[in-house]
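I opened my notebook to record what I looked up in this model. My entries follow, one topic at a time.

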Amino acid sequence: MASANPVLAAMQRGYRYLIYGGDALQSPLLLAVRLYWGWQFYETGKGKLMNFAGTADYFASLGIPAPMFNAYFVGGVECFGGLLLLVGLFSRPIALVLAGNMTVAYLTAHLDQVKSIWSDSDQFVSAAPFLFLLASLIVLCFGPGAFSADRFLTGFFRKSA
């Protein structure tokens, strides 16, 4: 519905372009998040698995139960979950698992930063798990985007049904 006021009509048109532009950038942004943070998860998980003894010792020093099992588990989740995130396969389930993993990392290795979230939020957001957690939550909430194995498989199975 066109407005009689040309300024209001221009504002409405500008707002529509802003929405369309944001929608057009969503999939490339999600692709960039998945590629970068998928690789980062892979690298950190691989590092934990390659230095298994050191990881298990560190987990034991934090009081994490069954440190050997958890070192393998966390390293595997980060390594293989990162690869799945990278290609966009099972993106939301793996993002949920990775977000849980980063939450546990906060609550064990970075508990002081969690406790200071309201008094010194810079400490919280500068802790190592923050960006990993944020990337996981972005993929969990918004999905993998159009450039993903999930989207390809969804389209493939719809056509064959």
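Before anything else, I wrote down a term: a residue is buried when its relative accessible area is under 20%, exposed when it is over 50%, and partly exposed in between. I also noted that this is a predicted model.

**Entry: helix H2**

I started with helix H2, residues 52–61. Which of its residues are buried? I found Phe52, Thr55, Ala56 and Phe59. I then looked down the axis of H2. The buried residues fall within an arc of 95 degrees, so they line one face of the helix. On the other side of H2, I noted Asp57 and Ser61 as exposed. What do the buried residues pack against? My answer is two helices: H1 (6–50) and H3 (67–87).

**Entry: positive phi angles**

Next I followed the chain past H2. Just after this helix, Gly63 has a positive phi of about 80 degrees. Ala66 sits in the loop between H2 and H3. Its phi is also positive, about 45 degrees, although Ala66 is not a glycine. Is Ala66 buried or partly exposed? Its relative accessible area is 46%, so I put it down as partly exposed.

I moved on to the loop between H3 and H4, where I found Phe90. Phe90 is not a glycine either, yet its phi is positive, near 55 degrees. I counted Phe90 as exposed because its relative accessibility is 52%, and the cut-off for exposed is over 50%.

**Entry: helices H4 and H7**

Then I turned to a helix pair. H4 covers residues 91–109 and H7 covers residues 129–142. How far apart are their axes? I noted 8 Å, with a packing angle of about 150 degrees. Angles over 145 degrees count as roughly antiparallel, so H4 and H7 are roughly antiparallel to each other. Their crossing is left-handed.

I listed some of the residues that make the contact. From H4 they include Ala95, Leu98, Ala99 and Met102. From H7 they include Phe132, Leu133, Ser136 and Leu140. By class, I recorded 16 nonpolar, three polar and one charged residues in this contact.

**Entry: Ser136**

Last, I looked at one residue of H7, Ser136. Is Ser136 buried or exposed? Its relative accessibility is 1%, so Ser136 counts as buried. What does Ser136 touch, leaving aside neighbours within four places in sequence? I wrote down Phe41, Ala95, Leu98 and Ala99. Of these, Ala95, Leu98 and Ala99 are among the H4 residues that I listed for the contact with H7.

Notes
Residues numbered from 1 in each chain as written. Predicted model: local features only at pLDDT ≥ 70, side-chain atom pairs only at ≥ 80, totals over all residues. Heavy atoms only, no water. Axes fitted to C-alpha atoms, helices over the stretch in contact; angles between N-to-C directions. Helix = DSSP H or I, 4+ residues; strand = E, 2+ residues; numbered from the N terminus. Parallel < 35°, antiparallel > 145°, perpendicular 65-115°, else oblique. Left-handed = near helix turned anticlockwise from the far one by under 90°. Contact = heavy atoms within 4.5 Å. Nonpolar A, V, L, I, M, F, W, Y, C, P; charged D, E, K, R; others polar. Buried < 20%, exposed > 50% of the residue type's maximum accessible area, 1.4 Å probe, protein only. Arc of directions from axis to C-beta.
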